[in-house]
Amino acid sequence: MDAKLKGETVLVRTSVNGREVEFLCDTRQSLLECLRDILGMTGTKEACNDGNCGACAILLDGELVNSCLVLGVEAEGKELTTVEGLADWRGLNPLQKAFVEQQALQCGYCTPGILIATKALLDRNPNPTEEEIRFWLAGNLCRCTGYDKIIRAILSVTGGAPSATHACECDKVEGQSR
Ligand code: FES
Ligand code: FES
């Protein structure tokens with residue numbers, strides 16, 4: 001990088017998934033870059049890099065943010081939750097298992113952001129309606145699965161039922177929904 005374009009290098013102390021972490025970063029680096037390129041935490045995905053797709057979603061002190069729009073230095077003293085923090089020694093958490101069981105992913109590139117965004121929703125509202133889930137996830141784009149299976153996976157965890165009006169075409173067999 002051109003020296004004139006470089007910012008200052010600073011030490012950031014933060015907590016990632018409950019673990020105290022320190023890293024050096026350029027003041028102009030995004031938190032997404034810090035997670036992936038400095039800390040090697042590649043679960044958080046980079047796609048649009050301009051705040052439009054939600055692939056890079058993380059929780060910053062419990063608030064849902066697109067980490068491509070947050071500077072690494074803004075993580076100072078904060079608590080970060082990334083997709084790597086969802087599973088524990090027992091394995092995948094119920095939401096992750098539901099995504100697998102309901103086939104709610106294909107390439108999986110959008111999945112970390114959708115899981116984190118869904119966690120943010122369920123932390124606030126454990127029993128959202130289908131409409132509330134769809135509204136909340138409007139900032140998370142998926143280019144390959146389609147959204148119905150994602151919604152169904154979430155509803156299978158919350159105990160809600162998918163609305164008939166949003167039945168997935170691929171789930172219709174000879175005119176009947178599975
Ligand atoms: S990579 Fe951050 S919103 Fe798309
Ligand atoms: S599963 Fe491929 S982008 Fe969502």
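**Figure 1. Helix 2 passes helix 3 in a right-handed crossing.** A crossing is right-handed if the near helix is turned clockwise from the far one by less than a right angle, and left-handed if anticlockwise. In this predicted model, local features need pLDDT of at least 70 and side-chain atom pairs pLDDT 80 or more, whereas totals for chains, interfaces and linings use all residues. Residues are numbered from 1 along each chain as its sequence is written. Helices (H or I, at least four residues) and strands (E, at least two) are DSSP runs, numbered from the N terminus.

**Figure 2. The contact of helix 2 with helix 3.** Helix 2 contributes L95, Q96 and F99, and helix 3 contributes T111, L115, T118 and K119. Two residues are in contact if their C-beta atoms, placed from the backbone, lie within 7 Å. These residues comprise 3 nonpolar, 3 polar and 1 charged. Ala, Val, Leu, Ile, Met, Phe, Trp, Tyr, Cys and Pro count as nonpolar, Asp, Glu, Lys and Arg as charged, and the others, Gly among them, as polar.

**Figure 3. Buried residues of helix 1.** Within helix 1 (residues 31-38), L31, L32, E33, C34 and L35 are buried. A residue is buried if 20 or more other C-beta atoms, placed from the backbone, lie within 10 Å of its own. Strand 2 (19-26) is included in what covers the buried residues of helix 1.

Figure 4. Of the 178 residues in the protein, 33% are buried.

Key:
Chains lettered and ligands numbered in written order. Buried ≥ 20, exposed ≤ 12 C-beta atoms within 10 Å, placed from the backbone.
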